[in-house]
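Dear colleague,

Please find the structure handed over below, followed by an account of what was found in it.

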Amino acid sequence: MHHPDHEPDHCLIRLWFNLDRQIARRRAQIIGPLLALVAALFPRVALADIRSPFNPASPQGDAIANLFWFVIVIAAVIFVGVEGAIIYSSVAHRDRPGRVPSQFSGSRRVEIAWTIAPALLLVIVFVLTVRTMNQVSEPGSQPLRVDVLAHQWWWEFRYPDENLVTANELHVPVGRTVELRLESTDVIHSFWVPELAGKVDANPGHPYTLVFTAQKPGTYLGQCSEFCGVGHAWMLIRVIAQTPSDYEAWVQAEKRPAAPPTGLASEGQRIFMQQPCQNCHTIAGTAASGTAGPDLTHVGSRQTIGAGVLANTPANMERWLQNPLAVKPGALMPNFNLTPDELRALAAYMESLR
Ligand code: CUA
């Protein structure tokens with residue numbers, strides 16, 4: 001859903017100009033261009049076709065965006081009213097020779113009005129917020145359950161009903177509600193894919209759920225949004241929403257163990273099993289069954305390497321294996337000082353795991 005570009009509100013500027021042209025002219029030399037710049041930039045930054053909650057792609061995202069717009073409109077009206085009153089008062093009632101301001105104190109009517117009006121507004125916003133919270137956490141009758149395990153600095157996705165495990169790229173069918181159960185293995189992370197759903201923390205030992213229903217096939221980008229250490233900025237998320245048949249094909253492919261490698265890739269497999277790789281990674285159908293790092297059974301079919309840090313190409317795979325820390329600061333995979341031949345073979349093996 002796309003919102004039309006909202007025209008920047010010039011009321012404040014106009015009011016300013018009409019009040020006192022002399023003062024306005026002087027101040028406008030500085031503030032005018034500044035306001036114009038902010039007005040010119042803000043709608044573009046906030047509403048451009050970027051990954052943002054302003055371009056929701058799910059009913060849950062729509063509900064959050066609607067609530068946000070409602071609150072921002074109320075806040076804007078209050079802001080313009082209050083600032084307008086301040087500007088009007090300071091110009092209209094400024095010190096002038098021979099003029100004494102009227103002397104009075106207190107007004108019960110005004111006191112009551114500005115106590116009741118904000119209280120009423122807060123009640124309205126509270127009720128709408130609770131309603132939206134209930135709306136966006138309703139998983140429906142047949143949700144697709146996915147257990148999300150956050151690690152420093154990657155995501156593990158477990159599909160209990162399909163009995164499969166993958167990492168960093170969450171495949172979902174469009175039109176079906178997905179219920180994520182978020183947990184962390186180390187520190188607090190936060191799962192956020194702005195177009196699809198709100199932001200929910202992944203805590204160690206205290207799972208939370210997050211629900212969304214992707215409406216259109218596509219790749220939705222997300223990001224860990226709770227500072228979780230050195231690799232935080234590179235803890236990216238991809239939600240790949242597919243048609244039900246494409247999704248089913250993906251599930252079937254994921255369920256198959258890795259195909260036996262041939263040629264250079266089989267040399268790569270030999271290196272993988274000799275090196276400490278298998279202590280941390282699982283490749284179904286082989287002896288490698290480590291669980292500290294991402295499951296690599298189908299790593300060759302993923303779009304990116306290292307939780308979104310590099311596009312998945314053979315050259316990038318070599319770069320990653322050569323020195324992960326040079327590509328992703330803080331990465332927990334050490335540099336194993338592999339030779340160029342070993343790197344080429346190992347990368348070929350990784351890319352063969354489709
Ligand atoms: Cu994980 Cu920030």
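**Backbone, helix and pocket**

A307 sits in the loop that joins β11 to β12 (310-311); helices (H or I, at least four residues) and strands (E, at least two) are DSSP runs, numbered from the N terminus. Phi of A307 is near 60°, a positive value in a residue other than glycine. With 2% relative accessibility, A307 counts as buried, where buried means under 20% relative accessible area, exposed over 50% and partly exposed in between (1.4 Å probe, protein chains only).

Please note that this is a predicted model, in which local features need pLDDT of at least 70 and side-chain atom pairs count only at pLDDT 80 or more, while totals for chains, interfaces and linings use all residues. Residues are numbered from 1 along each chain as its sequence is written, and side-chain values use heavy atoms, with hydrogens and water left out.

N163 also has a phi near 60°, a positive value in a residue other than glycine. N163 lies in the loop between β2 and β3 (164-167) and, at 68% relative accessibility, counts as exposed. A further backbone feature is the cis peptide bond from Q152 to W153, with omega near 0°; W153 belongs to the loop between β1 (144-151) and β2 (154-159). Most residues other than glycine have a negative phi, and most peptide bonds are trans.

The protein has 10 helices and 12 strands, and 38% of its 354 residues count as buried. Helix α3 (residues 59-92) has 34 residues and reaches 48 Å from its first C-alpha to its last, close to the 50 Å expected at 1.5 Å a residue (1.5 Å times one less than the number of residues). Among the buried residues of α3 are W69, I74 and I87.

The second largest pocket may be of interest for your work. It holds about 710 Å³ of space, the volume being that filled by probe spheres set on grid points joined across faces, edges and corners. A pocket is an open set of points on a 1 Å grid over the protein atoms alone, where a 1.4 Å probe fits, with protein on both sides within 12 Å along at least five of seven lines; lining residues have an atom within 4 Å of a point. Of the 34 lining residues of the second largest pocket, H281, G293, P294, W320 and M333 lie nearest its centre. The largest share of this lining, three residues, comes from α8.

Kind regards
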